[in-house]
Structure formats: C-alpha cells, structure tokens
Amino acid sequence: NPSRFFEVSANTLNVSGATPTGMFFSLQPGTNSRAERAYFNGNNITLQNDGGTGIQIRRSGQGASFGFDNNLVGFIDDGAQPERGFWFDQVNGFVRLRGLGNQMGINGWVLPGNDFIERLLDIPQNASTGQVEINGQPLP
C-alpha cells in the first residue's frame with residue numbers, strides 16, 4: 001500500500017463556542033508498507049472564544065509525518081483556559097515534524113485572560129523529531 005497523504009490548504013475558519021478547535025484529525029500509525037502524512041498550508045484560523053486550539057492531532061503514531069507552513073492562528077483570550085496553536089494529544093511512537101512561516105497571536109483579550117498563548121506547539125516530550133517554526137521560533 002502506498003503512503004497516505006492528506007493536504008489541508010488555503011482555508012479560512014472562524015470558530016466560536018466553548019474552547020473552540022479550528023480543525024482536528026486522527027491518523028493511524030504507519031506500517032512498513034504505509035506511512036501517514038498530513039500537510040497544513042496557508043490556513044487562516046480565528047478562534048472566537050477562550051481556550052481555543054488551532055489544529056489538534058487527536059491521535060498519531062509511529063512513522064507519521066506532519067508539515068505546517070504559513071498558517072495564521074488568532075485567539076481571543078478572555079478566561080482561564082489555555083490557548084494552543086498546534087496540539088498533538090496522543091502520540092504512539094515517534095512522529096516527524098517540519099514547518100516554516102506560521103504566525104499565532106492574540107486578537108483580543110480581557111481579564112481574566114492573560115494575553116498569552118500558553119502552548120504554541122503542544123506535543124508529548126520525546127515523541128518527535130524535526131521542528132515547526134512559529135512566530136519565528138523553531139519548536140519543540
């Protein structure tokens with residue numbers, strides 16, 4: 001079986017509701033005959049309520065590969081919930097990351113918000129290789 005490739009590009013999303021998530025995906029672990037790859041490019045995501053997540057990878061596994069290029073994520077911070085840019089929730093094994101030119105920022109805030117994105121890239125420790133550039137900073 002060939003590798004499976006998912007591309008999500010050039011979307012504009014305005015998401016509201018409690019702790020909104022712009023996009024979420026679950027990928028299966030790769031095998032010797034198939035690898036899972038996802039590429040996110042040029043998406044503009046605006047999260048209208050506190051505790052938002054730009055892109056959440058709910059499940060990924062050994063051999064998966066993720067690219068993030070030129071995505072914009074804007075947050076409203078008006079409460080105590082953490083804001084997350086790209087969030088890898090469950091990683092079984094080791095995944096590859098790469099990406100350039102991603103920008104994230106707070107579009108508006110009021111107390112009790114802290115005018116701060118708590119997690120630009122949230123991935124379990126020692127679960128990845130490579131880096132994703134967010135706001136000019138290579139992560140993790």
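Strands (E, at least two residues) and helices (H or I, at least four residues) are DSSP runs, numbered from the N terminus. The views below come from a predicted model, in which local features need pLDDT of at least 70 and side-chain atom pairs count only at pLDDT 80 or more, whereas totals for chains, interfaces and linings use all residues. Residues are numbered from 1 along each chain as its sequence is written, and side-chain values use heavy atoms, with hydrogens and water left out.

**View 1. Asn-126 in the loop between E12 and strand E13.**
Asn-126 lies in the loop between E12 and strand E13 (128–134), and its phi is positive, about 60°, although Asn-126 is not a glycine. With a relative accessibility of 67%, Asn-126 counts as exposed, where exposed means over 50% relative accessible area, buried under 20% and partly exposed in between (1.4 Å probe, protein chains only).

**View 2. Asn-70 in the loop between E7 and strand E8.**
Asn-70 is found in the loop between E7 and strand E8 (72–77), and although Asn-70 is not a glycine, it has a positive phi of about 55°. Asn-70 is partly exposed, with a relative accessible area of 45%.

A pair of aromatic rings is described by the distance of the centres and the angle of the planes. Rings of Phe, Tyr and Trp (its six-membered ring) pair if their centres lie within 6.5 Å, and planes under 30 degrees apart count as stacked, over 60 as edge-to-face and the rest as tilted. A search of the whole structure finds 5 aromatic pairs, one of which is the stacked pair of Phe-40 and Phe-68, with 5.2 Å from centre to centre and 15° between the planes. Phe-40 lies in strand E4 (residues 36–41) and Phe-68 in strand E7 (residues 65–69), so this pair ties together parts that are 28 residues apart in sequence. Phe-40 is buried, with a relative accessible area of 1%, and Phe-68 is buried as well, at 0%. The rings of Phe-68 and Phe-88 have centres 6.2 Å apart and planes at 80°, so they form an edge-to-face pair. Because Phe-68 lies in strand E7 and Phe-88 in strand E9 (residues 84–88), this pair ties together parts that are 20 residues apart in sequence. Phe-88 is buried, with a relative accessible area of 2%.

Phe-25, Phe-40, Phe-66, Phe-68, Phe-86 and Phe-88 form one aromatic cluster. A nonpolar core is a set of buried Ala, Val, Leu, Ile, Met, Phe, Trp, Tyr and Cys residues joined through side-chain atoms within 4.5 Å. Of the 29 residues in the largest nonpolar core, Phe-40, Phe-66, Phe-86 and Phe-88 touch the most other members, and E11 gives the most to this core, with 3 residues.

**View 3. Arginines over aromatic rings.**
A charge sits over a ring if NZ of Lys or CZ of Arg is within 6 Å of the ring centre and within 35 degrees of the ring normal. Arg-58 lies over the face of Phe-24, at 3.4 Å from the ring centre, while the charged end of Arg-84 sits over the ring of Trp-87, 3.8 Å from its centre.

The peptide bond from Leu-111 to Pro-112 is cis, with omega near 15°, and Pro-112 is found in the loop between strand E11 (95–109) and strand E12 (119–122). The peptide bond from Leu-139 to Pro-140 is also cis, with omega near -10°, and Pro-140 is found in the segment after strand E14 (137–139).
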